[in-house]
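I opened this structure today and kept notes as I went. Here is what I looked up.

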Amino acid sequence: MSSEKIIRTESLSKNFGNIKAISDVSIDVEPGEVLALVGDNGAGKSTLIKMLCGVLQPTGGDIIISGERTEFADYNEARQAGIETVYQDLALAQAQSVASNVFLGHEAVRDDILGRLFGIVDEERMIIEAEQALERVNIPIDPKAKVRNLSGGQQQAVAIARALQSDPDILIMDEPTSALSIEGVRNVLNVVDNLRSQGITILLISHNIRQVQAIADRISILAQGQLMGTREADQTDREEIVSMMMGAKDDVEQLDMLQDTESDGEAA
Amino acid sequence: MSNKETAQAADSPSEGTATIRGSSGLVSRILARRELGVFLGFLVLVGLIAVTRPDLFFNWDTISGVFSRLLRQVSSYIIIGVGMTYLIVGGEFDLSVGSMFAVGGIVFAILLGDGYSVLLAVPAVIVLGAVIGAANGAIVTKAGVPSLIATIGMLSVLRGLAFFLTPGGSRSVNDDANFVGLFGGSHTIAGIEITNQVFWAIGVLILFGVLLQKTRFGYHVYAVGDDEQAASNAGINTDRVKITNFMLAAALSGFAGILSVTYFGTMFGTAGAGFELLVIAAVVIGGTNLFGGEGSLLGTFLGALVIGIIPILLILNGLAVEIQELLTGVVIIAAVLVDIFVRKQG
């Protein structure tokens, strides 16, 4: 791996009116690593990734992708730059098949005159390629099954398989395990591990410290829109991360709130 | 490793890879059953005619006339229903189709009366429909007016236009004009008079059935109706899909008007009133999800047969026209309730 960072932000800021959602955040992401962004609700995790995937534009600071200063007008530009995002709500069409969802908006067209003229979809190819895409995330799912008949973990896998269709260098995952069963969480963490071994850089947003410690290479902690620090996952512990998530304000009420959200995440 | 495999088995609702082929068979069987159910319902209604009026049913002369009438009537519902199916699958609907049917037939009659060729008048009416549909679509998607409000408004505008264009109450078409027979003519097959609109309806059904099931546009229609945000995130221009559907629905309604006026020779300003509900009923009875994302044109075809045979059954048994209206309303509500119930079970 080259020493060049695949993602760098320099003093990135985002204001909504008077509210500073993100202020002066500088992070580095190494190529091929899993970097977890943790923080309490409202810490600015979502705002930060929305700037990285082009949904929001920064108020100040820079985004540098593979050494190049970049400004994304929308998420299509980010996608072209090799950044794919799997949103928390997955954005899957529930009544459609797995294959349709993997190819949503980019359906394979039959390679003959009629096919190209009328946009006739190559269903066989879509099924085969969807199957391959799902093999890549190592979760076997019938490509003809309707998404709404799948479990939460399988749906997450479909969303990831779709994101991988464009061969991204960077995959941003927003709370991929928040609504899953214990088995589903394990599956998704396996998928993340798998993708890392395929050389994809992953930016993982989570509020579940235990999961993050198990899967991430490094952990960046946000609180109140500011970066509290970044730690090697194997050189920190839960206590340190929690205290960093508390930021400067170390009051009891917030600690209680944090523990509530933690146990929610694990029970779901 | 075994841990992971157990996890995957537990995570999947059915038993792992064994379902890869099995479940698609199941899905298509369930779908087929829905359409089979509608067809069986139609056969029951036909059976009721046989039971209540055996004198007419088992007499080829009368029953051939009954089926001729049924096919003619449902071909209008089918042609309009094709556009309505696209719209409903795509998450919208259009209440102005009945008025557009009248405007289409009347404008066609006026153009012919002014000496224009049928070959020019037909595309002109289709383009007029597409423009009106584009207006519906733009009002709904760009201005954010719900389709209920936008198309009820358009229903009134077009009905007013139909009355305005028929000062004497109706417009007539000269049967002798070239190519009129292509649309309004008929063939007698096995003793049943089959009007050309039936053949047009079958053609429209097959063409747009293939487009809906097999093309990228068709895939996008389903995706937009299923989850507009998801479709939009995936880069689908959802407004364009919806506007196209509105254009298709209005253009096909105008075309159905042409087929009607060329067959009957005359179109009244009141023509097609109430079609919107009958057509929506046919679409929903046919299994299209009223909330979008699911449905088929085969279902709409079968739903149109059901909607078409109910008044025939009533007329043959001497029931009043008012009862037909009432019953149609009951059938629509019942069909939607059954639909919601079935989906909850599924």
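The entries below follow the order in which I looked.

**Entry 1: chain B overall.** I note at the outset that this is a predicted model. I started with chain B, which has 15 helices and 4 strands. Of its 346 residues, 46% count as buried. I then checked the contacts in chain B between residues at least 6 apart in sequence, and 78% of them join residues at least 24 apart.

**Entry 2: helix α10 of chain B.** I asked how many of the 11 residues of α10(B) are buried. The count is 10, so I wrote the helix, residues 216-226, down as mostly covered. Among the buried ones are B:Arg216, B:Tyr219, B:His220, B:Val221, B:Val224 and B:Asp226.

What covers them? I found that the cover includes α3 (98-102) of chain A. From chain B it includes α4 (60-89), α9 (196-214), α11 (228-233) and α12 (238-264).

The axes of α10(B) and α12(B) come within 10 Å and cross at roughly 105°. The two helices are therefore roughly perpendicular to each other. At their meeting I listed B:His220, B:Val221 and B:Val224 from α10(B). On the α12(B) side I listed B:Thr238, B:Val241, B:Lys242 and B:Asn245.

**Entry 3: the nonpolar core.** In soluble globular proteins, nonpolar side chains tend to be buried together. I looked up the largest nonpolar core here, and it has 174 residues. The residues with the most contacts inside it are A:Val158, B:Ile80, B:Met84, B:Leu252 and B:Val279. α12(B) gives the most to this core, with 15 residues.

I picked B:Ile80 and asked which residues it touches, not counting those up to four places away in sequence. The list is B:Val97, B:Phe101, B:Leu252, B:Ser253, B:Ala256, B:Phe275 and B:Val279.

**Entry 4: a sheet in chain A.** I turned to an open sheet of 6 strands in chain A. I read its order as β7-β8-β9-β4-β10-β11, with mixed pairing. β7 (83-86) and β11 (226-232) stand at the edges. Each has a single partner strand, so one side of each is left without a neighbour in the sheet. Neighbouring strands are turned by 20° against each other on average, direction ignored.

I checked one pair inside the sheet. β4 (34-38) and β10 (218-223) of chain A pair in the parallel sense over 4 bridges. In β10(A), A:Ser220 is the bridge partner of A:Leu37. Helix α9 (238-245) of chain A packs on this sheet and touches β4, β10 and β11. I noted an angle of about 30° between the direction of α9(A) and that of β10(A).

**Entry 5: helix α7 of chain A.** α7(A), residues 182-197, has 16 residues. Its first and last C-alpha lie 23 Å apart, close to the 22 Å expected at 1.5 Å a residue. Its buried residues include A:Gly184, A:Arg186, A:Asn187, A:Leu189 and A:Leu195. A:Gly199 follows the helix, and its phi is positive, near 90°.

**Entry 6: positive phi without glycine.** I found A:Ser11 with a positive phi of about 45°, although it is not a glycine. A:Ser11 sits in strand β1 (7-16) of chain A. Is A:Ser11 buried or exposed? I counted 12 other C-beta atoms within 10 Å, so A:Ser11 is exposed.

A:Glu175 also is not a glycine and has a positive phi of about 45°. A:Glu175 lies in the loop between β8 (170-174) and α7 of chain A. I counted 19 C-beta neighbours inside 10 Å, so A:Glu175 counts as partly exposed.

How values were computed
Residues are numbered from 1 along each chain as its sequence is written. Chains are lettered from A and ligands numbered from 1 in the order in which they are written. This is a predicted model: local features need pLDDT of at least 70, side-chain atom pairs count only at pLDDT 80 or more; totals for chains, interfaces and linings use all residues. A residue is buried if 20 or more other C-beta atoms lie within 10 Å of its own, exposed if 12 or fewer, and partly exposed in between; C-beta atoms are placed from the backbone. Two residues are in contact if their C-beta atoms, placed from the backbone, lie within 7 Å. Two strands pair if DSSP finds at least two bridges between them. Axes are lines fitted to C-alpha atoms, for helices over the stretch in contact, and angles run from 0 to 180 degrees between N-to-C directions. A nonpolar core is a set of buried Ala, Val, Leu, Ile, Met, Phe, Trp, Tyr and Cys residues joined through C-beta atoms within 7 Å. The expected span of a helix is 1.5 Å times one less than its number of residues. Angles under 35 degrees count as roughly parallel, over 145 as roughly antiparallel, 65 to 115 as roughly perpendicular and the rest as oblique.
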